[in-house]
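Have a look at the picture first, then read on.

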Amino acid sequence: MMRTDPFRELDRLAQQLMGPGTWSKPSAMPMDAYREGDEYVVAFDLPGVSAEAIDIDVERNMLTVKAERRPVTRADDVQMELTERPLGVFSRQIVLADTLDTEHIQADYDAGVLTLRIPIAERAKPRKISIGVGSGRKEISG
């Protein structure tokens, strides 16, 4: 996973010029990713998106999050003065490490933030290895 994105501002400007994302060409959504104890946490900013408009899929180690922000229906006599909030489809794909347990992902959506908690697999957690003491010397003859 890429930790920094030097082209984020350029992407944001291009999205403003090209219009909203579509299902065939979705826009990116901002996210944070970090490890918290025995979990990997990924938080996506999706303000104004209803929980029913969010789709989360995992196939092997590829996590895909798609969401759609639809226009709000307004009365006929409403005249918009300014519209800066992007509409359309947003998507993000993340390649998850083999050390994560994709069978037990938890998803919560609160205040416009989708938070995924992915447990670290038991086989990836640090563990102590005991050392056996041999009963005697062994000789190699050749």
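Is Arg60 buried or exposed?

## Two loop residues

Arg60 is exposed, with a relative accessible area of 76%. Keep in mind that this is a predicted model. You'll find Arg60 in the loop between strand E3 (54-59) and strand E4 (62-69). Its backbone has something to notice too: phi of Arg60 is near 55°, a positive value in a residue other than glycine.

Now go to Ala111, in the loop that links strand E6 (106-110) with strand E7 (113-119). For Ala111, phi is near 55°, again positive in a residue that isn't glycine. Is Ala111 buried or exposed? Ala111 counts as exposed, because its relative accessibility is 75% and the cut-off for exposed is over 50%.

## A sheet of three strands

E3, E4 and E5 form an open sheet in the order E3-E4-E5, and the pairing is antiparallel. E3 and E5 stand at the edges with a single partner strand each, so one side of each has no neighbour in the sheet. On average, neighbouring strands of this sheet are turned by 15° against each other, if you ignore direction.

How many bridges join E4 to E5? There are eight, and the two strands run antiparallel. Across this pairing, Val65 stands opposite Arg92 in E5.

## Ser91 in the sheet

Strand E5 covers residues 88-95, and Ser91 is one of them. Ser91 counts as buried because its relative accessibility is 14%, and buried means under 20%. What does the side chain of Ser91 reach? The answer is the backbone oxygen of Val65, at 3.5 Å.

## Zooming out

Time to step back and see the whole protein. Its secondary structure comes to one helix and seven strands. Read along the sequence, the pattern goes α-β-β-β-β-β-β-β.

The protein has 142 residues, and 25% of them count as buried; Ser91 is one that does. The exposed surface comes to about 11,400 Å², with carbon and sulfur atoms supplying 50% of it. And what about contacts along the chain? Take the contacts between residues at least 6 apart in sequence: 55% of these join residues at least 24 apart.

Terms used:
Residues numbered from 1 in each chain as written. Predicted model: local features only at pLDDT ≥ 70, side-chain atom pairs only at ≥ 80, totals over all residues. Heavy atoms only, no water. Helix = DSSP H or I, 4+ residues; strand = E, 2+ residues; numbered from the N terminus. Buried < 20%, exposed > 50% of the residue type's maximum accessible area, 1.4 Å probe, protein only. Polar contact = N/O pair within 3.5 Å; in protein donor to acceptor, adjacent residues only side chain to side chain. Contact = heavy atoms within 4.5 Å. Areas by Shrake-Rupley, 256 points an atom, 1.4 Å probe, with all protein chains shown as cover. Pairing = 2+ DSSP bridges. Axes fitted to C-alpha atoms, helices over the stretch in contact; angles between N-to-C directions.
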